[in-house]
Amino acid sequence: LCPSERMDHFKTVDQRCEQMLQRGLLKETASLYVKGLLPDDSQVTRAIGYRQALEYLQRKEATNDDHDSLVNFIDNFATATRQYAKKQMQWFRRDDDFVFVAVNMDLNKEERTIETARIITDMCKLSAAEFEAELKSCDEYGNVPLSAKMKTENEQQGKKMKFFMSKRHILSEGSDEFLSLLKEADDCTKLVQSKEFNVKN
């Protein structure tokens with residue numbers, strides 16, 4: 001599944017990161033950590049989300065209402081997630097066995113899902129020869145299949161991605177949502193740091 005517009009896709013990624021925080025990523029990370037389920041050498045601990053959350057919760061000289069640290073954490077989490085999404089797309093573009101299915105980012109989530117499912121259903125009805133043709137950059141008549149066109153457009157859009165400006169959609173500074181997360185973040189930080197204090201002593 002390939003976003004028709006990478007700028008819009010990155011906005012969606014940012015929003016999902018904020019939603020993960022609203023749904024308790026910090027609480028989950030703190031809880032797993034104090035139970036000993038996030039050891040330093042674990043692959044889970046190094047996963048995007050957990051890694052940034054732990055760095056934030058274990059920060060030195062943490063204080064209550066540490067607004068700047070929370071802002072930096074949110075931005076670092078979203079940036080790491082966008083970078084991973086970009087690497088995934090680069091990996092898929094290098095492999096000729098993948099068919100690129102366009103996901104129209106101009107549509108709302110429900111419409112997007114219906115349209116994408118329709119495209120996939122139509123592809124499942126193709127004969128083996130027709131499907132193989134979708135994997136090629138162009139057919140014998142010079143026609144470019146939908147997959148190849150989407151793959152090329154995705155790569156070309158990369159040039160303008162350096163102008164992408166991250167913007168918070170839910171956790172804007174000073175909003176009720178941000179202040180609620182800040183209080184939760186303080187509680188989670190105390191929980192993690194009290195465990196570290198007990199371990200050291």
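So, the largest pocket comes out at about 670 Å³. Pocket here means, on a 1 Å grid over the protein atoms alone, an open set of points where a 1.4 Å probe fits, with protein on both sides within 12 Å along at least five of seven lines; lining residues have an atom within 4 Å of a point. Points are joined across faces, edges and corners, and the volume is the space filled by probe spheres set on them.

The lining has 27 residues, and the closest to the centre are L1, P3, H9, R16 and Q88. Strand 1 (2-3), helix 1 (6-22), helix 4 (67-94) and helix 5 (109-124) each give two or more; these are DSSP runs numbered from the N terminus, helices being H or I with at least four residues, strands E with at least two. Helix 4 gives the most, seven residues. By class, that's 18 nonpolar, six polar and three charged, with Ala, Val, Leu, Ile, Met, Phe, Trp, Tyr, Cys and Pro as nonpolar, Asp, Glu, Lys and Arg as charged, and the others, Gly among them, as polar.

Quick caveat: this is a predicted model, with local features needing pLDDT of at least 70, side-chain atom pairs 80 or more, and totals for chains, interfaces and linings using all residues. Numbering runs from 1 along each chain as its sequence is written, and side-chain values use heavy atoms, leaving out hydrogens and water.

Next, the second largest pocket, about 260 Å³. F10, K86, M161, K162 and F164 are the closest to its centre, out of 15 lining residues. Helix 4 gives the most here too, with six.
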